[in-house]
Amino acid sequence: MSKEIKIKVCTGTGGMAAGGENVLSLFRNALLSAGIDATFSEKCSVDKVGCRGFCGMDLLVDVIVDGKKITYKYVKPEMVDRIVQEHIIRGNPVVEWMVEDDFYNFHKKQTKVVLSQCGEIDPEDINAYIEVGGYDSLKKVITSMTPEETISVIKNSGLRGRGGAGFPTGLKWEICHRKKSDKKYIICNADEGDPGAFMDRSVLEGNPHSVLEGLTIGAYSIGAEEGYVYIRAEYPLAVNRLRKAIEQSRQKGFIGNDILGKRFNFDIKIKLGAGAFVCGEETALIASIEGKRGMPRARPPFPVDSGLWGKPTVINNVETLANVPYIIKNGAEWFASFGTEKSKGTKVFALTGKVKNNGLIEVPLGITLREIIFDIGGGIEGEKMFKAVQTGGPSGGCIPAEFLDLEVDYESLAQVGSIMGSGGMVVLDETNCMVNTAKFFLEFTQAESCGKCTPCRVGTKRLLEILERITSGNGKEGDIELLEELSYYIKTSSLCGLGMTAPNPVLSTIKYFRDEYEAHIKDRRCPAVVCRDLITYSILEELCTGCGACKRACPADAIRGIRKKTHTIDTSLCIKCGTCFDVCKFKAIMKS
Amino acid sequence: MVTLTIDGKKVTVRKLSTVLDAIKKLNISIPTLCHHPDLTPFGGCRLCIVDIKGIARPTTACTTPVSEGMEVITTSPTLEKMRRTTLELLLSDHPDDCRVCERAGDCKLQELAYFYGIRENHFLGERRIYKKRDGNPFIERDMEKCILCGKCVRVCDEIEGVGAIDFAYRGFRTKICPPYDKDLDCEFCGQCVAVCPTGALTGKMWKQKGRQNLKEIDTICPYCGCGCNITLLIKRNDVIRVTSKPETINEGWLCVKGRFCYEFINSPERLTKPLIRVVPKESSAFSVQQTNPPFLSLSKELFREASWDEALNYIADRLKEIKEKYGPDSIAGLSSAKCTNEENYLFQKFIRAVIGTNNVDHCARY
Amino acid sequence: MTNSIPEAENHDVVFVIGSNTTETHPIIGLKMKKAVRKGAELIVADPRKIDLVRFATVWLQHKPGTDVALLNSIMHVITKEGLIDKKFIETWTEGFESFKELLEEYPPEVGEKITGVPKEDIIKAALLYGNAIRPGIYFAMGITQHTHGTENVYSIANLAMMTGNLGRESTGVNPLRGQNNVQGACDMGCLPDFYPGYQKVNLQGVKEKFENAWKVKLSEKTGLTAPEMINSANDGNLKAMYIMGENPVLSDPDVNNTLKALNKLDFLIVQDIFMTETAEIADVVLPSVCFAEKEGTFTNTERRVQLLRKAVEPPGESKEDLWIITQLSKRLGYEMRYDSAEEVFQEAGRLWPALAGMTYKRIAKKGLQWPCPTPDHPGTQYLFKGGFPRGKASFSIVRYREAEELPDNEYPFLLSTGRHLFQYHTGSMTRKIDAINKIAPEAYIEINPDDAKQLGIDDGKIIRVSSRRGSISIKAMISDRPRRGMVFIPFHFREAAANILTSNNHDPISKIPEFKVCAVKLEIT
């Protein structure tokens, strides 16, 4: 019998969806029935942990026996018994279920700071966080540092806002600290709204206390007694864990009155967002907390001058705040040792799209796109050609292959027409149409415009309409120029960041993939064969076996043919749904 | 006080002013649609964008506070092009029906389109269509004409303190409406109508009553004691609309009665001829609890029309007779808080000097 | 008003008692809301949860008719807290010492017992008003329409005087006048005891002044007030009445009594723009013209005399009141010669110095606030700057006195009447408006939900409401506006005329009827 057994089951949103809760209790039961007490024994535990990034392989389970860690992937309830019997009791890990090289390659080039405890500790247990040194930084700050000293550490570390704009965090705190006011507020912006982004969510689900600790240190630095976490209601698990964490933190005296026996009061409230993308914009977020419609207002005045209820307010993103305890603990120099000249530390990205390894990654700034996509991401799926990577979500831009060796930081991304944003990274391959991609992001920003200012409300609608006509084969001579003109107008005259960045996907795709636009307009052709109105389906005589699968599947009855004879598609009836293409086992359907 | 330079001219304004305040002080014209001096700056229409030295992108003058030494440029080919684009975009989502619009000639959007000479539109596309009409009896809410300047929302919240409407939906579908997009149910003060720059908000009773060659008469509201200044718009001999000017003691704000309740002037129920009773009172059996039919039909049987001479002579004879028989104190006069000072003066003078009694009063007590 | 309407936005404390300002004076209501937005604290004293309560720091929901107790109790606290203005009291008032003794009788506990307002709220309101720098008191018919209305007003005056809150900008006492020209009608002497400009009819020299001006012998006998006219007609002493632009059948208390009295007259002349309920029982009805069809002046509640301009021609043969009066006068042997309304105005100005400095030209733009004695006088924005014109003002010893007719076993509910936003007075104007008839088509009685539940009355049901004077059928509106035991009916609707129920009891001095308190019973029909 082994001396020490630890089992860690992923119960992030991905893990939960893959049956994490069930597997967790099955492990407990299996261990109990095997006579191993998983609840009380010091040396034996079955813990739920947060996401460790590689969600594509969920459910991931770590089995650590006497310090030796084996990770299993795609764990299903029916696999639990065998793992317990063979690995834990008999000491023979189940090799065929273990993760392989790709899992380790995925982690090799990552540097985990913010995510360091995600996947390691139970996010619903404050003691687990304290055990790994949690709240030590808060103790250090409150018992031995002045607010000015704290701010100076953050300033020296070079930490910049991880919400996208990259404003120096220490400087923001310092400005607010100097404001004289009877009340100040600090807000954690957890309104992560980019489609496909789940960085903040994973941090809040995997290690909520790190964010609370950062928020409290921030409050101490600026002199706030009230803090808010503004979080989307669509993140029920994160909200739930945050609630528990706040309660536990209050019980332990890390928030509340006279924190750690010092004359410092601070409490945190949760405010649920209703799912408006624009509420991630700080002035809209403030309006939303105040109970108004989430609509941005012009700045100046900035929130540090006049924020929530007109009081000086600091708003920091989740990831920014989660960095703070580590900077306090390890020092500004340590943090500044990662990254580039102007962009220090690490950054979490949600790597998605046409890469082999989808998931959440944390890398030192200055890493190249190539390293991220090919080393960590494992390259393009299905041996296709890399075409571009879209960073910064719907407000970002598409970066083509020629910039694969670009070192990623705030400035470099801006230089090539994209942005860091909150950390979305969507990889596109040769089967992605760039015009269609721009249209996709614009559909999102247009639908999420708050409607306040003309350029964003009507301007993006017209941009979208032009893109729609191009992708439907009705593009006109001059449309590209019109897109450019309108985009420039929207960027320069919109009220808030949403409008100012909304044309980025259009501008960057025109810049790097103008020929695709021209092909759509002049040749009425979609080079990537994506735009439905520009493609035709036909059946290749030499490959068709006459099996009839396509005919049966066609919802428009557009396919004719008798069994075992070559079938044909009536293009006048074809609705271009692509079903035949998907069902044909002989690759006899051609898209062109 | 803060001194700044606008288009090369120096101007000194109060500390909390906006750049737009300073521009207006210099009498420099700059287009705006969402700005109103009594409301919180909005910055939505983007027409008042200016270049400010040291700020990379154009900034809205209405939202930007002044600062010492600021250098502002209000016009340049780029700024004008952007303003023009803004207008084109607004017009691209606006019904092209000025010819039948109540506000044509009194519409800020139309006027700006005129000044910028916008004949063609680069950005024609989908237009919002709202089939359902708001069923409230006072305010026509044609949301297809709404340019989302938000003035109505702000005036309702910040001036009237009611908050009956707000922005709803998102993106191109953004719309200003009452909660759950129901019919408007509010105080119907019409402040929103007064500040609306387009034909989106109009009085329902204004419809097709006239737009051109209106006579404007400044006068005083006939309802409560506030004494609001109103302007009557007259077509031929009919009051077709009531407005109020911002420079009045009531700052242009009115209530539902002051703004919308003038139809009584042209009412067919108005008395037009002196009437003399023909049916003795005892048999008229009047009771206040009788409701419809209205009094007019009833009174036709009770009275006959008379000439002024006949009526006045009849009154004079009767009053003389009663005064002679019972003395002046057997007669009394009730004057009206609805009549003018002059009428009240003359009425009491009549009772006192002509009848010879102090039996004169009015409804101050009710 | 001692202050002006624009000053209302600059108070630091606004104390509204007995005025449903946002409905009855909407534009002054806007100013109050603006004051609140600018940081002012609002105290609302009203038995009903009126709309202003939404903006109030403290709401005193006192029982109708207990204003004196409430105010005395507030003043008790102010005295105890030392928030009185000694200098003002010494310089400008007399009788404070004995008044102070009276206040001893009204500690907050007593106030709470009489008014039903928690004593904490009384104290809170007292501290707010007592500590204010620029407080304004606003009141209307909720204060005056009581059998002790005059005492209520004295009480308000006491409060303002003891704190020295009079005679400064944005600081004062502001009665809100209900009708567009009720101020002017009073100013012009349509009162049985005053000539124009509040010159007493029985005061030595005044009669002579007017006799000289009008070249006729005048009566020195104080005349009848409106309620007294009704009584006198009922008694058979009054034989004829000339009613210009009034509808007493609906607006006066106890409709049946009014009708009976007016029907007894030998001769009734009604001059109006519509066939009103009163015109229907007249012997002669004269068609006059409305505000848009004539020239003249109105004086609003802030004493601002403003110019009314003729906009349209009147319908049919209707004639201006001025023409009708001069014609009648001529036929009765007294020639009045005026070529214009302004000549009448100037004659009034010659007899009342407060108007002497005004001309139509001067008031054309923004009007002028009286007193305006000379052609170069700018008008008077607020009254009592630098003291009271007649020397020292006296504190009035006023004790709480019950209303005349309180609920009892037979008539267990207390009825108040008043206006609502969408209709106006007896409805002779507003009920001609289609849109108004859609939004506010019918009368209703506001009943507290708890009372309604106890009586089994459902919202929207027609119920019978009766008093000792009569009864009406009316739609029930279950509402949290009135306090328990109280009901409210707007008096605009002839088909459910609130004044069938109201009592003839009135204030002994002002003769204002007690519209705010009478006893009624509610029955399901």
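The model is predicted, so local features need pLDDT of at least 70 and side-chain atom pairs count only at pLDDT 80 or more, while totals for chains, interfaces and linings use all residues. Residues are numbered from 1 along each chain as its sequence is written, chains are lettered from A and ligands numbered from 1 in the order in which they are written, and side-chain values use heavy atoms, with hydrogens and water left out.

**View 1. Where chain B meets chain C.** Here 122 residues of chain B touch 170 residues of chain C (contact means heavy atoms within 4.5 Å). Together the two chains bury about 12,400 Å², with 64% of it on carbon and sulfur atoms; buried area is the accessible area (1.4 Å probe) that two parts lose on being put together, summed over both. Look for Trp308(B), Arg365(B) and Tyr366(B): they supply 8% of what chain B buries against chain C, more than any other three residues.

View 2. Lys273(B) makes a salt bridge to Glu317(C), with 3.5 Å between the closest N and O atoms. Chains B and C also have 65 residue pairs in polar contact, both residues at pLDDT 80 or more (a pair of N or O atoms within 3.5 Å; within protein, one must be able to donate a hydrogen and the other to accept it, and residues adjacent in sequence count only if both atoms are side-chain atoms). On the chain B side, helix H9 (residues 341-355) gives the largest share, 14 residues. Helices (H or I, at least four residues) and strands (E, at least two) are DSSP runs, numbered from the N terminus.

**View 3. A strand pair across the B-C boundary.** Strand E13 (residues 275-277) of chain B runs antiparallel to strand E11 (residues 284-287) of chain C, and 2 bridges join them; strands pair if DSSP finds at least two bridges between them. One partner to pick out is Val284(C) in E11(C), which bridges to Ile276(B).

**View 4. Domains 2 and 3 of chain C.** Domain 2 covers 182-369 and domain 3 covers 413-524 in chain C, with bounds from an automatic or database domain assignment. Their C-alpha centres are 30 Å apart. The area buried between these two domains of chain C is about 1,500 Å², 60% of it from carbon and sulfur atoms. Leu250(C), Pro253(C) and Asp254(C) supply 35% of the area that domain 2 buries against domain 3, more than any other three residues. Of the 3 salt bridges across this interface, zoom in on the pair Glu228(C) and Lys511(C) (3.4 Å, N to O).

**View 5. Chain B against chain A.** This contact takes 32 residues from chain B and 34 from chain A. About 2,800 Å² is buried between chain B and chain A, with carbon and sulfur atoms giving 57%. The rule finds 3 salt bridges across the interface of chain B and chain A; Glu448(A) and Arg170(B) meet in a salt bridge at 2.9 Å, N to O. The count of residue pairs in polar contact between chain B and chain A is 21, both residues at pLDDT 80 or more. Helix H2 (77-92) and strand E7 (166-168) of chain B each supply at least two residues of the side that touches chain A, and H2(B) gives the largest share, 8 residues.

Key: Salt bridge = Lys/Arg side-chain N within 4 Å of Asp/Glu carboxyl O.
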